[in-house]
Amino acid sequence: MAKMTLEDLRKLREQKKGEMDKRDMEGKDVEIIIGMGTCGIAAGAKECLDAFILEIDKAGLGNVTVKQTGCMGLCYVEPTVEVHVPGMPDTIYGKVDAAVVRQIVEEHLVGKTLVNNHIFDRPAADIIRN
Amino acid sequence: MHAAVGDFVLDCLQNSVEAGADRIDLEIFQEEDRLRVTLRDNGCGMDQEELKKALDPFYTDGKKHRHRKVGLGLPFLAQAVDLAEGTFRLSSEKGRGTTLEFGFSLNHLDAPPLGRLDKTFLSGFLFSGDHELVVHRHLRGKSGAAGYTVSRRELTDALGGLEETDSLVLARDFLRNQEEELVKITF
């Protein structure tokens, strides 16, 4: 492939946007927040981010935003991921590797059930947004 | 401690974002095996006292995590650079911003590997806020020198945001393409 330009990127986006508009849009109401602190990165948060982008794209979910934050205060179970789905409790998952990412996408985002064995407590109170 | 240069850089980049900078410049210059990195921001900056403390792993201003007693980003980097017998310089002016410069030979036995810079840049662009981050990448290899520049504002503008998965997929591919083409031209 030749070197891509911003113009190419703009065109690709228009193309993708066309495909997206055909889908039944529910609004951007699902939020995935990945902990990218020193602890997270050391435990594989970058692979976790890659996996989320891949799996959400594969599942064709148009209503998900992926964000990253620093350390959530749960360094012992990194990589950690916070998942907000309307109508479901806000959940912090820990020890999220690529296989668990797939589970979260399939079970939590699509199936609307929590993924057992990876649910951890709320993060440290000082970083909870009010 | 982190494994790759990109991870160290990401920590420092987050410092700049959290220092309230609205303009951040990251330069990663590579001449053969010689690596030179500069990170410049116009955030809140530090006075001389804070500047000294910033390299102490047991110092933090305590604002981000109330009970935490450590701040490891810069100390880890300084340690890694020291091990690789490189150069490290941190300068800052209160209210004006901070500049971090470091360099070493990637062939040094104790040097951290560069890592996947395209992934570092993607993560760097994803820290939320409406600040500008401009990444300058330069590489001189066996068959010549080349470089590329990516601006967060331009990238966000071209993709209509950086949060939707579709945009992230395109941003990821775009950055990988820039890096791959660069290596192809210069090696």
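In which sense do strand β1 and strand β5 of chain B pair, and over how many bridges? In this predicted model, strand β1 (residues 23-31) of chain B and strand β5 (residues 132-141) of chain B pair in the parallel sense over nine bridges. Both strands belong to an open sheet of six strands in chain B.

- Strands β3 (87-93) and β6 (144-151) of chain B form the edges, each pairing on one side only.
- From one strand to the next, the twist averages 5°.
- Within the pairing of β1 and β5 of chain B, E27(B) stands opposite H136(B) in β5(B).

**Helices against the sheet**
- Helix α1(B) packs on the sheet, where it touches β1, β2 (34-41), β4 (97-105) and β5 of chain B.
- The direction of α1(B) makes about 15° with that of β2(B).
- Helix α6 (residues 165-186) of chain B lies across β5 and β6 of chain B and runs at about 165° to β6(B).

**Helix against helix**
- The axes of α1 (residues 5-18) and α3 (residues 73-83) of chain B come within 9 Å and cross at roughly 145°; this crossing is left-handed.
- On the α1(B) side, the contact is made by F8(B), D11(B), C12(B) and N15(B).
- On the α3(B) side, G73(B), L74(B), F76(B), L77(B) and A80(B) take part.
- By class, the residues in this contact of α1(B) with α3(B) are six nonpolar, two polar and one charged.

Definitions and conventions: Residues numbered from 1 in each chain as written. Chains lettered and ligands numbered in written order. Predicted model: local features only at pLDDT ≥ 70, side-chain atom pairs only at ≥ 80, totals over all residues. Heavy atoms only, no water. Axes fitted to C-alpha atoms, helices over the stretch in contact; angles between N-to-C directions. Helix = DSSP H or I, 4+ residues; strand = E, 2+ residues; numbered from the N terminus. Left-handed = near helix turned anticlockwise from the far one by under 90°. Contact = heavy atoms within 4.5 Å. Nonpolar A, V, L, I, M, F, W, Y, C, P; charged D, E, K, R; others polar. Pairing = 2+ DSSP bridges.
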